[in-house]
Amino acid sequence: MPVDFNRPLPVGREQEYVLQALQSGHISGDGPFTKKCHTWLQETLDVPQVLLTTSCTHALEMSALLLNIQPGDEIIFPDFTFVSTVNAFVLRGAIPKFVDIRPDTLNLDESLLANRISPRTRAIVPVHYAGVACEMDAIMDFATAHGAAVVEDNAHGLLGRYKGRYLGTFGALAAQSFHETKNFSCGEGGALIVNDPALKDRAEIIREKGTNRSRFFRGQVDKYTWVDVGSSYLPSDILAAYLYGQFEQRERIQSQRRSTWDTYAAALGEWAARNGVSLPTVPAHCEHPYHMFYMLLPDLDVRTRFIAHLRSRGVYAVFHYLPLHLSDMGRRFGGRPGDCPVTEKVSDQLVRLPLHNLLTGAEQEEVIEAVLDFPF
Ligand SMILES: Cc1ncc(COP(=O)(O)O)c(C=O)c1O
């Protein structure tokens, strides 16, 4: 049997809850399971408001609408991220300014922010890569000093912490992903975390097609109407039912992933040091949620052979982001080779090992053996 990179199967009562949602007569958004998910996230993270969305991409799009991003506004992003981080703002006419990443955590290099700031900068969007925190003290101080909002792209980082505080609780807004590759998933899904209370009411309106329907359902107005721009960003309660079943398994999911991650790190440390391979760096003040186990191989040629070697042993490993400034869209915004040298190098070197909620001990051993057998 091959060792899958990811295996998104139920781990708790997901199927029972989906059936309950189907039988409840409430399968549109904001039903009983959505409310349970909101409460779970709000209480766990201790934040004023969480709204489930249809994806992290949509939570980021909502952020751009909430911040009234206008054509010509500049937004600072790490170069090493998923397209949605940037696209959500470019859709509103924003101009992306890419910052290179730190060679240790692969997060936005806060020491380079000063090179990208301008009077047109409206926001900074740090991405906590693999759920290891960006240097949030420096980023928040810099953003405050320059009047820029911070939107955390926390797609990987639910339950990760920086200096003891949960990721997703620093910026005015933060976006979560519940795509099937994430620790907690419902296939496709996300959430917007609203930390700035001044944005709460409008967040509900934007998510509900620009109407005040949420206030109507709470009995705060006697009819609902069109009050602002918006779109349809709320997921069906069937998806929320699946997601709540996953949240209930927090301890199991996190301890399983932690054990896999620790097993890989312990078994591969010496091999990595001997062969010029880097394992993930987790600074002492960061707790990560065991979302991803990646390695940096010496170069693209070795990585290509490494992935093929693992595949020949039935082990599915994958690479990750390409430098955004060198994509077709990135070049249209002026990106040139050499602009972000760390991203350009790392994107050729990085490989992710299988890590999911159901990976067995025997499968972990297969992965480790295949890695140790790689002929450099
Ligand atoms: C950093 C980052 N942001 C955003 C997304 C988009 O997430 P979604 O598929 O939930 O829209 C991803 C996807 O994995 C991601 O890696």
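The largest pocket is the space taken by the ligand. The structure described here is a predicted model. The shell around the ligand comprises 15 residues, of which Thr-57, Asp-153, Ser-177, Lys-182 and Tyr-321 come nearest. Classified by residue type, this shell contains five nonpolar, eight polar and two charged residues.

An N or O atom in the side chain of Thr-57 is placed 2.5 Å from an oxygen atom of the ligand. For Ser-177, a polar side-chain atom lies 2.8 Å from a ligand oxygen atom. His-156 likewise presents a side-chain N or O atom, at 3.0 Å from an oxygen atom of the ligand. On its own the ligand has 400 Å² of accessible area, and the protein covers 92% of this area.

Thr-44 is part of helix H2, which spans residues 32-45. A polar atom of the Thr-44 side chain lies 2.6 Å from the backbone oxygen of Trp-40. When residues up to four places away in sequence are not counted, Thr-44 touches Leu-159, Tyr-166 and Arg-250.

Arg-102 is located in the loop between strand E3 (95-99) and helix H5 (113-116). The side chains of Arg-102 and Glu-110 are joined by a polar contact of 2.8 Å. With residues up to four places away in sequence left out, Arg-102 touches Asn-107, Leu-108, Asp-109, Glu-110, Glu-135 and Val-342.

How values were computed. Residues numbered from 1 in each chain as written. Predicted model: local features only at pLDDT ≥ 70, side-chain atom pairs only at ≥ 80, totals over all residues. Heavy atoms only, no water. Near = heavy atom within 4 Å. Polar contact = N/O pair within 3.5 Å; in protein donor to acceptor, adjacent residues only side chain to side chain. Areas by Shrake-Rupley, 256 points an atom, 1.4 Å probe, with all protein chains shown as cover. 1 Å grid on protein atoms, 1.4 Å probe; cavity = no way out; pocket = protein on both sides within 12 Å on 5 of 7 lines; lining within 4 Å. Sits in = over half its atoms within 2 Å of the grid points. Nonpolar A, V, L, I, M, F, W, Y, C, P; charged D, E, K, R; others polar. Helix = DSSP H or I, 4+ residues; strand = E, 2+ residues; numbered from the N terminus. Contact = heavy atoms within 4.5 Å.
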